Amino acid sequence: MAKKQFKAESKRLLDLMIHSIYTHREIFLRELISNASDALDKLYYHSLQGGTTGIDRNEFIISIVPDAEQRTLTVTDNGIGMTKAELEDNLGTIAKSGSLAFKRDTEQPDDIDIIGQFGVGFYAAFMVADRVMVLSRAFGSDEAYQWESTGADGYTVTEAQKDTHGTVITLHIKDSTEDENYDEFLQPYRLKALVKRYSDYIRYPIQMPMPQSRLKDGCEGDKPEDYEQVTETQTLNSMVPLWRKNKNELTDEDYHNFYKEKFYDYTDPLRVIHSSTEGAATYNALMFVPAHAPQDFYSRDYEKGLQLYASGVLIMDKCADLLPDCFSFIKGLVDSQDLSLNISREMLQHDRQLKLIASRLEKKIKSELYSMQQNDRETYETFFKSFGMQLKYGVYAEFGKNKELLQDLLLFASSHDEHPTTLAEYLTRMKEEQTCIYYICGSDREKLARMPQAELVLDRGYEVLYLTEDVDEFCIRALNDYEGKTFKNVSDGDLGLETEEEKKQAEEQAEQHKDLLAAMTEALDGKVAAVRLSNRLKSHPVCLSSEGGLSLEMEKVLRAMPGEQAEQFKATRVLEINEHHAIWTTLQRLFDTDKEKLTTYTALLYDQALLIEGLPVEDPIAFSNALCALMTE
Ligand code: ADP
């Protein structure tokens with residue numbers, strides 16, 4: 001019979017398995033057991049959905065049988081089984097879930113090391129076996145098939161006999177060599193230890209015939225001959241799911257292993273949230289804050305949600321209603337006795353109990369993140385690098401509904417020092433007379449620190465938040481204020497920093513030079529709403545500021561968005577001139593002597609202001625020509 005070939009990426013994975021380093025091999029058993037357990041879950045779920053009778057969960061079982069003589073190890077389940085097509089699809093291609101995480105990391109140099117760290121699925125069998133047979137009969141079908149493969153050279157699927165639904169996986173264990181011992185995977189005590197270590201929480205009994213010595217009838221037990229060797233089937237696992245265990249029985253390693261295996265991550269989570277409550281809502285929740293965002297996190301493909309169990313039975317893999325969007329990065333599960341097992345998805349959405357649980361979880365997640373921020377700042381900053389953007393989106397999404405929930409979790413870069421700050425921390429550093437929280441927007445810290453607009457505010461010793469992310473300003477605007485202090489963009493027309501006296505003086509100056517300023521405004525031909533003498537510039541000659549609701553930075557972000565409307569977003573610009581700068585004297589002179597040059601210089605100053613702002617010059621050629629003309633004068 002012709003062998004079928006594995007898909008290319010499966011081959012690659014298979015190859016890694018076959019040549020994997022020794023210490024990782026033992027995880028193959030965990031992978032097979034976890035598949036068997038999933039197959040049992042699926043059968044149970046199927047029976048609930050379809051009202052199938054004759055399924056008794058108490059009969060669900062996973063059994064492991066080593067045969068040292070034949071060098072085989074079989075793992076059997078009476079779960080949902082696989083059809084012929086499923087055997088081909090599922091075992092001929094690498095599994096979707098595991099492979100996603102895998103593919104991302106094959107770009108990294110240490111890809112061999114990944115194997116030991118997260119679920120690689122069924123192919124792990126090839127780490128210890130030179131031949132693998134999968135005999136399966138799908139539930140509801142009377143046909144059985146056998147899939148068989150010796151590794152990279154492909155696989156066959158043939159018709160076979162099997163009396164009941166479920167799957168039998170037989171591994172032919174590799175021969176031991178001088179350096180490598182595979183015999184251990186045929187030894188009951190070693191296998192038992194592996195089950196205890198990796199699969200203890202599996203909710204179905206994992207059974208294995210264990211050799212026992214038993215005292216013969218009528219014997220005292222003081223001589224070796226008084227004992228006989230028998231085989232007794234034992235249940236190896238305690239069957240209590242991890243989340244039902246007591247926190248103090250569990251170590252970080254238990255949690256981390258569980259997380260990595262279940263959620264296909266290869267790094268430990270940053271934080272584990274394990275909570276149990278009774279009363280109005282009774283549930284156990286086990287949640288994790290991942291250390292990094294999955295590749296598709298900021299794409300539309302990403303599906304948020306927690307696994308939902310009703311009294312220990314998985315009823316939904318990603319229950320989105322349990323997590324608000326702002327916390328969509330959380331991975332984990334909830335197990336509640338309050339939910340009915342055969343509740344439909346539609347009903348679930350309206351379930352009051354589920355809503356209650358969701359709101360409790362939301363508070364819990366917030367308080368855990370907050371406590372991480374307060375007590376483990378370094379980790380929190382790592383977390384924020386990956387997921388801070390999600391929190392900031394969360395502030396302005398849904399009309400600011402989650403403002404209160406999120407505002408204390410935010411971090412912003414600031415002029416204070418190189419560490420990002422919380423808003424509460426900013427408040428503690430505010431000067432006595434300071435009334436607003438100042439911010440400036442732009443692409444990076446270093447540039448922002450040198451922006452002319454920030455000079456005045458910084459000179460007064462006021463801290464300025466550096467909003468370097470696109471989402472930042474939208475977030476700040478949605479917040480509107482924090483603890484009664486409003487936010488103020490240092491590029492805003494009116495900073496409100498002057499005394500009455502200074503204001504009066506400025507007005508007089510403006511009046512005195514109104515013709516020159518009007519001429520400059522006219523020279524810019526509608527590009528700016530006005531040219532003004534600046535009250536914020538100290539050493540720089542010019543800057544741009546904006547009037548009205550839309551800032552220059554928001555204009556940039558909005559215009560970068562796809563769609564025809566993008567063009568319509570334009571901030572109302574004001575060109576500010578520093579009257580203490582030598583250029584101002586020049587401009588005054590030109591106003592009296594050379595109007596044409598005044599026009600050129602005004603255009604040049606405007607272009608400079610655009611460049612400082614990080615905005616494109618409208619006519620780069622004209623700009624360059626004017627500059628050269630000036631240089632060769
Ligand atoms: P994963 O479990 O991550 O999806 P695997 O490579 O371990 O990836 O398995 C691939 C697929 O094969 C599973 O998703 C499942 O559909 C099927 N499968 C594996 N083992 C069994 C089993 N014992 N019973 C039924 N289906 C199984």
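Visitor: Which way do Cys436, Tyr438 and Ile440 point from S15, and which way do Ile437, Tyr439 and Cys441?

Guide: Cys436, Tyr438 and Ile440 point one way from S15 and Ile437, Tyr439 and Cys441 the other way. In a regular strand the side chains alternate between the two faces of the sheet. This is a predicted model, where local features need pLDDT of at least 70, side-chain atom pairs count only at pLDDT 80 or more, and totals for chains, interfaces and linings use all residues. Residues are numbered from 1 along each chain as its sequence is written, and side-chain values use heavy atoms, with hydrogens and water left out.

Visitor: Are the residues of S15 buried or exposed?

Guide: Six of the six residues of strand S15 (residues 436–441) are buried, so S15 is largely enclosed by the rest of the structure. Buried means under 20% relative accessible area, exposed over 50%, and partly exposed in between (1.4 Å probe, protein chains only). Strands are DSSP runs of E, at least two residues, and helices are runs of H or I, at least four, numbered from the N terminus.

Visitor: Which strand runs parallel to S15 over four bridges?

Guide: Strand S18 (residues 485–489) does, and Tyr439 has Asn489 as its bridge partner there. S15 also pairs in the parallel sense with strand S16 (residues 464–467), over four bridges, where Cys441 stands opposite Leu467. Two strands pair if DSSP finds at least two bridges between them.

Visitor: New topic. How many helices and strands are in the protein?

Guide: The protein has 21 helices and 21 strands.

Visitor: And what does its C-alpha trace span?

Guide: About 125 × 60 × 50 Å along the principal axes.
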